[in-house]
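Thanks for coming, everyone. Please look at the picture first.

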Amino acid sequence: MLLCPPFSSAQTLRAVAARAGLLVGTCVTPEHFNEPQYANTLAREFNMVEPENAMKWRATEPARGEFDFTAGDRIVTFAEAHGMKVRGHNLLWDKYNPGWLATGHFTSPQLAEIMHNHIRTVVQHYAGRVFAWDVVNESFDAHGNIKSTLWYDQPGIGFAGQKTRYIEQAFRWAHEADPKALLFYNDFDVEAVNAKSDAMYAMVRDFRRHGVPIDGVGLQMHLSNLDPSALSSLAANIARFAGLGLQVHITEMDVALPVDHNGQLLHPEDLHRQAQIYRKVAAVCAAQPACTAFQTWGFTDRYSWIPRFTHGAKGQALVFDKNYQPKPADRALLQGLARVTPKVAGERKQECRCGK
Ligand code: XIL
């Protein structure tokens, strides 16, 4: 058994992460900044934030050519006041787009112009203040094929049938707009080595060979379970992206638990299962130098997308409860980030038994 660092209740995620050379972040919604417990917990625990929705297309370009940076700017201002980095999310997706874009029936040349203008305007607005962008979000299906979308072939920006070419174009335009920003491709179900992450790997390797400006990949990590093989597969997956010289960010981790119609846990012992999942994933990230940021999709169960997304079947997915009290997952995450479990292979033997 490992000796466990003496974590006091005063120990914060951001202090531990900083010591391990990691960024620890959460998505945020600026409407809640006026709530003292929200703002205090956020500033105390995290050194990175990402807008949950405020920098998505529907928010930033609600009418064609008319940009609104109000909500995004509030996040950047909050972050700067509290010494936090801002991770931008996202420039291109087939979801969360405004009606004018989604149902606009534009031609390919028009769409190319719309996309270029959007990427240029948003990235330039935040140049020097947003250190990294999810340039393109969720382009592959479960089999590793490029999804049929507005940007690809409906009708696409002129590269229909040319697979990752439109993604490459988005990265080039983002890089032109802010050559210093780190540029990421972000997706879900790409945590393990599987058909989808193989496709992502092939794309990124091709980009690296051809000088396409990409710096990293984001693994979303929306989980409800985690078996041991998934954990070693995650480690191998991170290692192969690191082998391409890329950074890996865990971008949207949550661990959704089964709940009843009042949002109460069906199995209270799940809190401990959840804690172990957070700890193990964080430890895998912390063990590899290429994994430079660990982020959760929200931090308080008061505000999480999971109950809505699962139609009430799941909830309590984050590390602080509805009243901003730390759950077992919070201390476990802290242990994971502190590299308490340095090797995945020996994970059982080295189980840390201190704390909760
Ligand atoms: C979700 C937000 O949490 C919701 O509030 C919104 O209604 C839809 O988007 N993958 C992503 C995130 O990349 O942007 C999504 O966020 C969750 C899944």
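Which element gives the largest share of the lining of the largest pocket? It is H11, with three residues. Before we go on, a word on the source: this is a predicted model, where local features need pLDDT of at least 70, side-chain atom pairs count only at pLDDT 80 or more, and totals for chains, interfaces and linings use all residues. Residues are numbered from 1 along each chain as its sequence is written, and side-chain values use heavy atoms, with hydrogens and water left out.

Back to the pocket. On a 1 Å grid over the protein atoms alone, a pocket is an open set of points with protein on both sides within 12 Å along at least five of seven lines; a cavity is a set where a 1.4 Å probe fits but cannot get out; lining residues have an atom within 4 Å of a point. Points are joined across faces, edges and corners, and volume is the space filled by probe spheres set on them.

The largest pocket has a volume of about 640 Å³. It is lined by 26 residues, and the closest to its centre are Trp93, Glu138, His222, Trp305 and Phe309. Strand S7 (222-223), strand S8 (247-255) and helix H11 (306-309) are the elements that each give two or more residues to this lining. Helices (H or I, at least four residues) and strands (E, at least two) are DSSP runs, numbered from the N terminus.

Now the cavities. The whole structure has four of 30 Å³ or more.

Next, the overall build. The protein has twelve helices and eleven strands. Its radius of gyration is 20 Å, close to the 21 Å that the globule rule gives for 356 residues, so it is as compact as a globular protein of that length. That radius is taken over C-alpha atoms, and the rule is 2.2 Å times the number of residues to the power 0.38. Of the 356 residues, 56% count as buried. Buried means under 20% relative accessible area, with a 1.4 Å probe and protein chains only.

Last, one residue. Is Ala286 buried or exposed? Ala286 counts as buried, because its relative accessibility is 2%. Ala286 is found in helix H10 (residues 270-287). Leaving aside neighbours within four places in sequence, Ala286 is in contact (heavy atoms within 4.5 Å) with Leu22, Gly336, Leu337 and Arg339.

Notes. Buried < 20%, exposed > 50% of the residue type's maximum accessible area, 1.4 Å probe, protein only.
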